[in-house]
Amino acid sequence: MERVRLGSRTYTDPDIISLVRATGSLIDPRSAVLTQARKLVSRLCQFDGVPHDAIQRLSMMASLLGLKTVPMDLEQQRQQKRDAVLVPTISGKRIIIFNPNRPRSRVAFSIAHEIIHTFFPNSISGARFRSICSSGSKEGNELERLCDLGASELLMPIDEFRYAAAGDFSLRTVERLSATFGSSFEATVFRLASAHTGIAVAGLVRYRLTVGEEREKNKGNQGLLFVHIDPRWGKEAEPKYRRQSLYLSDACNNEYMVRWNKSFDRESVVYQAGTFEGIHAANEALPNQVRRIGVLEAIRAPYQREDAHPEFPDVLFFWSIQ
């Protein structure tokens, strides 16, 4: 497996490596994606009468790149699980098909995500690489995280988002900001962190075992005859709220990173949010290297994935230094 290192980051995804090669190995892929996204937003702003509707606006951006966006037919809706997908045509061009029956805010972000995929010269062949990787692995996620970063810039341009937030970066502003930009609640929470001018972290936590514990459980369990025992401690492994998605502001260094699979303390407000409705907040440290006290807000995620725990739902959090 080919690896490319730029700065503090190492990349293995063929799409990302193709972008690195195209930029002469001088520009970090993150900067390259953001630069292209901001240029595309700037091109759109040159037109009069740009629609406010997010999907129409993104469709115009796609057209500037020679892409068409079309709704899925009934057969495509049955086959495709995603809200939008980039597909090649017989003529060699590419189109973005989207499911018109899914929530518009999620569809808008997905269209933006697929637009960003076209920034990578190797986008079609890279899909084959990701199909053989675990969906939760670093290799399987590194490109998707970059595309999410670029999609946020298309849907919620950083200067416009900061202006709309008016200095109030908090979960209580998410519904208003979502309505302004046509973005989903989840994507807007993540944007609170990536657009923050200070130190801020946002993410999604899921009540689950670690990947290793889940693997051992699946190997050892036969129906309900066995209980998974953690070999390190000789006791039953228990699910906890663990880091799933994570987004940091530019002011954060690597020490603010919450490692994959890292669990939150049982006394954390994320457990309160998983049990009770509404926003829960407290002065807490994140489970990372710095352990600085900040304001941690948590709320039950409005959108629950199919594999979410039935009793402990997925939780979104936003943490910042005030």
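**Around Ile111**

Author: Let's start with Ile111, which touches Ile55, Leu58, Thr69, Ala84, Ile96 and Phe98, leaving aside residues up to four places away in sequence. Touching, or contact, means heavy atoms within 4.5 Å. Before going on, note that this is a predicted model, where local features need pLDDT of at least 70 and side-chain atom pairs count only at pLDDT 80 or more, while totals for chains, interfaces and linings use all residues. Residues are numbered from 1 along each chain as its sequence is written, and side-chain values use heavy atoms, with hydrogens and water left out.

Ile111 also belongs to the largest nonpolar core, which has 65 residues; Leu58, Ile111, Ile115, Phe120 and Leu154 are the ones that touch the most other members. A nonpolar core is a set of buried Ala, Val, Leu, Ile, Met, Phe, Trp, Tyr and Cys residues joined through side-chain atoms within 4.5 Å. Buried means under 20% relative accessible area, exposed is over 50%, and partly exposed lies in between, using a 1.4 Å probe and protein chains only. There's a second, separate core of 21 residues too, with Tyr241, Leu246, Val269 and Phe317 among them.

Now for the sheet. Its 3 strands run in the order S3-S5-S4, forming an open sheet with mixed pairing. Strands here are DSSP runs of E, at least two residues long, and helices are runs of H or I, at least four, all numbered from the N terminus. Two strands pair if DSSP finds at least two bridges between them. S3 (68-71) and S4 (84-88) are the edge strands: each has a single partner strand, so one side of each has no neighbour in the sheet. On average, neighbouring strands of this sheet are turned by 30° against each other, direction ignored. Axes are lines fitted to C-alpha atoms, for helices over the stretch in contact, and angles run from 0 to 180 degrees between N-to-C directions.

Look at S4 and S5 (residues 94-98) next: they run antiparallel, joined by 5 bridges.

Zooming out, the protein has 12 helices and 12 strands. Of its 322 residues, 49% count as buried. And among contacts with a separation of 6 or more, 61% come from residues 24 or more positions apart.
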